[in-house]
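Me: I am new to this structure. Please show me how to read it, feature by feature.

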Amino acid sequence: ADGIVVHDVPLLVESTRGYDYGAVIVVETPKELRLVRLEARGIPREDAENRMALQATDEERRAVATWVIDNSGDLGHLERQVDAIWHELQERARPGKP
């Protein structure tokens with residue numbers, strides 16, 4: 001009852017099966033930075049743009065989010081956000097919490 005389970009679901013919002021999670025964390029990066037990062041991983045820009053066009057918009061993802069993490073900064077910036085959310089998740093999981 002006091003456990004925390006994390007599911008990594010890349011296409012959660014696009015899913016037609018629906019979902020029922022106690023909380024949803026969305027990790028967001030500006031489109032241009034996403035494209036630069038994907039190109040650095042060897043994905044041609046046009047392919048990346050085509051894939052992104054088929055996915056949910058940032059607004060659609062934000063609409064289901066309990067928390068939104070900004071992944072446009074450095075690793076330290078990302079870790080501070082994750083730590084804050086982790087603390088909140090631990091508080092929610094404490095016995096006697098709804």
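Reply: Start with confidence. pLDDT is the predictor's confidence in each residue, from 0 to 100. Where pLDDT is low, the predicted coordinates should not be read in detail. This is a predicted model, so local features need pLDDT of at least 70 and side-chain atom pairs count only at pLDDT 80 or more, while totals for chains, interfaces and linings use all residues. Residues are numbered from 1 along each chain as its sequence is written, and side-chain values use heavy atoms, with hydrogens and water left out.

Me: What is the mean pLDDT of the protein chain?

Reply: The mean is 92, and 97% of the residues reach 70 or more. Now the elements. Helices (H or I, at least four residues) and strands (E, at least two) are DSSP runs, numbered from the N terminus. Helix 3 has the lowest mean pLDDT among them, 94. Strand 2 (residues 67-70) has the highest, 98.

Me: How many helices and strands are there, and in which order do the elements run?

Reply: The chain has four helices and two strands. From the N terminus on, the order is β-α-α-α-β-α. Along the principal axes, the C-alpha atoms fill a box of roughly 50 × 35 × 20 Å.

Me: How do I read burial, and what share of the residues is buried?

Reply: Buried residues make up 20% of the 98 residues here. Areas come from the Shrake-Rupley method with a 1.4 Å probe; for residues, only the protein chains shown count as cover. The chain exposes about 7,400 Å², and carbon and sulfur atoms supply 52% of that area.

Me: Where is Trp86, and which residues does Trp86 touch beyond four places away in sequence?

Reply: Trp86 sits in helix 4. Its relative accessible area is 37%, so Trp86 is partly exposed. A contact means heavy atoms within 4.5 Å. By that rule, Trp86 touches Ile4 and Val6, leaving out residues up to four places away in sequence. In the whole chain, among contacts with a separation of 6 or more, 64% join residues 24 or more positions apart.

Me: Is Gly96 buried or exposed?

Reply: Gly96 counts as exposed because its relative accessibility is 83%. Gly96 lies in the segment after helix 4. Now compare sequence with space. Gly96 and Asp2 are 94 residues apart in sequence, and their C-alpha atoms are 9.2 Å apart. For another pair, take Glu32, found in helix 1. Glu32 and Asp8 are 24 residues apart along the chain, with 23 Å between their C-alpha atoms.

Me: How do I read a pocket, and what volume does the largest pocket have?

Reply: Rolling a probe the size of a water molecule over the atoms shows where empty space is left. On a 1 Å grid over the protein atoms alone, a cavity is a set of points where a 1.4 Å probe fits but cannot get out; a pocket is an open set with protein on both sides within 12 Å along at least five of seven lines; lining residues have an atom within 4 Å of a point. Grid points are joined across faces, edges and corners, and a volume is the space filled by probe spheres set on the points. The largest pocket has a volume of about 1,400 Å³. Of its 39 lining residues, Asp8, Val9, Ile25, Val26 and Val27 are the closest to the centre.

Me: Which element gives the largest share of that lining?

Reply: Strand 1 does, with four residues.

Me: How much space lies in the second largest pocket?

Reply: About 150 Å³. Its lining includes Lys31, Arg34 and Met52. Helix 1, helix 2 and helix 3 each give two or more residues to that lining.

Note on methods: Buried means under 20% relative accessible area, exposed over 50%, partly exposed in between (1.4 Å probe, protein chains only).
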